[in-house]
Amino acid sequence: VPGVSVPEAVLERMRAADRSGRAAEEGVAIACETVDALAGRVQGFQVAAPFNRVAPALEVLEAVHRAR
């Protein structure tokens, strides 16, 4: 996405997770960590269900709910 910067540490986590077949799980973990880190500093979060997979999006929404 133009203008979006992803820290190298996050990219490396995703590369390692991809090599071990756990990219989806790691992506959810990173999203939940981001919610925890930013809760109270932003007005909201946009959560999408990639490839019509609702379960990972629901996990992130649960993290948003816990962070409130």
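**Loop residues**

I looked up Phe51 first: it is exposed, with a relative accessible area of 73%. For the cut-offs, I take buried as under 20% relative accessible area, exposed as over 50% and partly exposed as in between, with a 1.4 Å probe and protein chains only. Phe51 sits in the loop between α2 and α3. Its phi is positive, about 55 degrees, although Phe51 is not a glycine. I checked Asn52 as well, and its phi is near 60 degrees, again a positive value in a residue other than glycine. Asn52 lies in the loop between α2 and α3 and is exposed, with a relative accessible area of 73%. I noted both because most residues other than glycine have a negative phi.

**Ground rules**

I have to keep in mind that this is a predicted model, where local features need pLDDT of at least 70, side-chain atom pairs count only at pLDDT 80 or more, and totals for chains, interfaces and linings use all residues. Residues are numbered from 1 along each chain as its sequence is written, and side-chain values use heavy atoms, with hydrogens and water left out.

**Overall make-up**

I get 3 helices and 0 strands for the protein chain, in the order α-α-α from the N terminus on. Helices here are DSSP runs of H or I with at least four residues, strands are E runs of at least two, and both are numbered from the N terminus. The C-alpha trace spans about 35 × 25 × 20 Å along its principal axes. Of the 68 residues in the chain, 15% are buried. I also looked at contacts between residues at least 6 apart in sequence: 38% of them join residues at least 24 apart. Contact means heavy atoms within 4.5 Å.

**α1 against α2**

Helix α1 (residues 8-19) and α2 pack at about 155 degrees, with their axes 8 Å apart. That makes α1 roughly antiparallel to α2. On the angle classes: under 35 degrees is roughly parallel, over 145 roughly antiparallel, 65 to 115 roughly perpendicular, and the rest oblique. The axes are lines fitted to C-alpha atoms, for helices over the stretch in contact, and angles run from 0 to 180 degrees between N-to-C directions. From α1 the contact uses Val10, Arg13, Met14, Ala17 and Asp18, and from α2 it uses Ala23, Glu26, Gly27, Ala29, Ile30 and Glu33.

**α2 against α3**

Next I took helix α2 (residues 23-38) with helix α3 (residues 54-67): their axes come within 9 Å and cross at roughly 20 degrees. That makes α2 roughly parallel to α3. On the α2 side I list Val28, Ala31, Cys32, Val35 and Asp36, and on the α3 side Pro56, Glu59, Val60, Ala63, Val64 and Ala67.

**Core**

Which residues form the largest nonpolar core? I find 6: Val28, Cys32, Val35, Val60, Ala63 and Val64. α2 and α3 each supply at least two residues of this core. A nonpolar core is a set of buried Ala, Val, Leu, Ile, Met, Phe, Trp, Tyr and Cys residues joined through side-chain atoms within 4.5 Å.
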